[in-house]
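Student: Could we go through this model together? I would like to begin with the strands and then turn to the core and the backbone.

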Amino acid sequence: MPALLLPDTAAPFAPRSSPTVVLNTKVDPWLTATLKRVNRIKRSLNSVPQHMKCLTDTLSQPSAIWNLCTLMVPKAPTSQLDKHDNALVEAFTRFELLHVQAYVVHVDLVLSHEVAFKLTKDTISDLCEYHKEVYLIDQRDSTWPWTEKETQVKKLHDQFVQAANKFVYRTNANALEGLEDDGAGELLEGRSEDVKNQVLGLFYPLLPPPPRIVDVVRPATQMLPSSPANWWNPAPVPSNAQPPPVESWKILSSTIEDSPPVSSSQAFPTNWGPLGGLEMPNVTCSPGPQYSQAPATMSMSIPQLPLPSMVAQQCGSGFGGGFGWDRYQDYATTM
């Protein structure tokens with residue numbers, strides 16, 4: 001609904017007074033018929049001011065109390081009620097009816113085309129008593145205890161008292177069709193269910209505080225020593241510190257066994273097979289110089305073999321002739 005400027009009589013804790021009525025330049029026929037039906041004294045309703053005065057006087061009577069809705073609430077907290085096997089008996093003994101009544105504070109048939117109701121003092125008192133003596137006790141019993149629980153309960157009740165005094169129900173102006181004798185009336189067209197939902201919405205549950213998350217404080221890792229002067233010096237190694245264990249397969253022998261000496265007279269295998277039709281001459285090479293002493297760093301004997309340059313010098317030019325390289329043309333023709 002659009003914003004509606006309510007009179008001072010709709011303010012919280014304000015006493016009841018005559019409602020403010022704003023009518024259009026042309027009165028709706030349904031309003032004229034309603035005023036003629038409820039007024040015992042016949043009044044002339046031929047102009048807008050006559051309609052306004054008649055409607056204001058009717059709604060200002062002390063008996064002009066409207067029944068907005070009816071609530072069925074428990075008579076006492078759940079812990080104090082007796083249980084019965086018969087559901088009908090239990091309903092009569094455990095529940096009671098709470099009538100929500102109000103009076104008209106404003107009628108606007110020009111801008112918003114709506115009517116506003118404010119709760120009576122008796123209704124506000126009954127709602128506040130039920131909220132404190134029954135509802136909050138059930139809420140307190142159904143929640144676990146915490147430090148500020150009683151403070152929260154008192155805060156909830158104070159908020160409810162303020163909300164009940166501020167409560168104003170606004171609906172379409174056609175609700176005035178439910179007007180009865182002496183200004184009283186009831187809401188039609190299912191509006192009572194709307195009022196019931198709004199009134200029950202004023203009852204807020206008692207919510208315990210959320211569980212606190214405990215932070216695990218871990219000591220900060222110290223990257224540098226406390227004294228920055230010698231942070232680069234390595235830590236001293238104690239004298240009685242034992243060396244780390246070494247696996248047996250990683251230990252190398254300190255002595256190398258001497259391998260048997262290799263003589264120059266031993267035959268070396270060759271990959272060349274016998275050459276057919278060729279006579280291999282006997283080549284005799286004088287042994288090269290002998291090493292008088294083995295290297296100091298090696299304990300095993302090194303084979304005494306001549307260098308290739310020494311063999312070439314000792315064999316001379318006859319080495320090539322002994323193999324018959326000068327007859328290569330004869331070999332080419334036979335092939």
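**Strands, core and backbone**

Tutor: In this predicted model, β3 and β4 form an antiparallel pair joined by six bridges.

Student: Which residue in β4 is the bridge partner of Val107?

Tutor: The partner of Val107 in β4 is Val115.

Student: How many bridges join β2 to β3?

Tutor: There are eight bridges between β2 and β3, and these two strands run antiparallel.

Student: Turning to the core, how many residues has the largest nonpolar one?

Tutor: The largest nonpolar core has 50 residues. Within this core, Trp66, Leu68, Val107 and Phe117 have the most contacts.

Student: Which elements give two or more residues to this core?

Tutor: The contributing elements are the helices α1 (29–38), α2 (48–59), α4 (121–141), α5 (149–166) and α6 (191–200), together with the strands β2 (66–74), β3 and β4.

Student: Which of them gives the most?

Tutor: That is α4, with seven residues.

Student: What lies apart from this core?

Tutor: Another core lies apart from it, with five residues, including Ala10, Tyr103, Ala116 and Val168.

Student: Back to Phe117: what is it in contact with, leaving aside neighbours within four places in sequence?

Tutor: With those neighbours left aside, Phe117 is in contact with Trp66, Leu68, Ala102, Tyr103, Val104, Phe167, Val168, Tyr169, Thr171 and Leu187.

Student: A change of topic, to the backbone. Which residue in the hairpin of β3 and β4 takes a positive phi?

Tutor: His113 does, with a phi near 55 degrees, in a hairpin that has five residues between the strands. His113 is not a glycine, and its place is the loop between β3 (95–108) and β4 (114–119). Most residues other than glycine have a negative phi.

Student: Why does His113 count as partly exposed?

Tutor: His113 counts as partly exposed because its relative accessibility is 25%, and that class lies between the limits of 20% and 50%.

Student: Where does Phe13 lie, and what is its phi?

Tutor: Phe13 lies in the segment before β1 (20–22). Its phi is positive, about 65 degrees, although Phe13 is not a glycine.

Student: Is Phe13 buried or exposed?

Tutor: Phe13 counts as exposed, because its relative accessibility is 51% and the exposed class is over 50%.

Technical notes. Residues numbered from 1 in each chain as written. Predicted model: local features only at pLDDT ≥ 70, side-chain atom pairs only at ≥ 80, totals over all residues. Heavy atoms only, no water. Helix = DSSP H or I, 4+ residues; strand = E, 2+ residues; numbered from the N terminus. Buried < 20%, exposed > 50% of the residue type's maximum accessible area, 1.4 Å probe, protein only. Core = buried A, V, L, I, M, F, W, Y, C linked by side-chain atoms within 4.5 Å. Contact = heavy atoms within 4.5 Å. Pairing = 2+ DSSP bridges.
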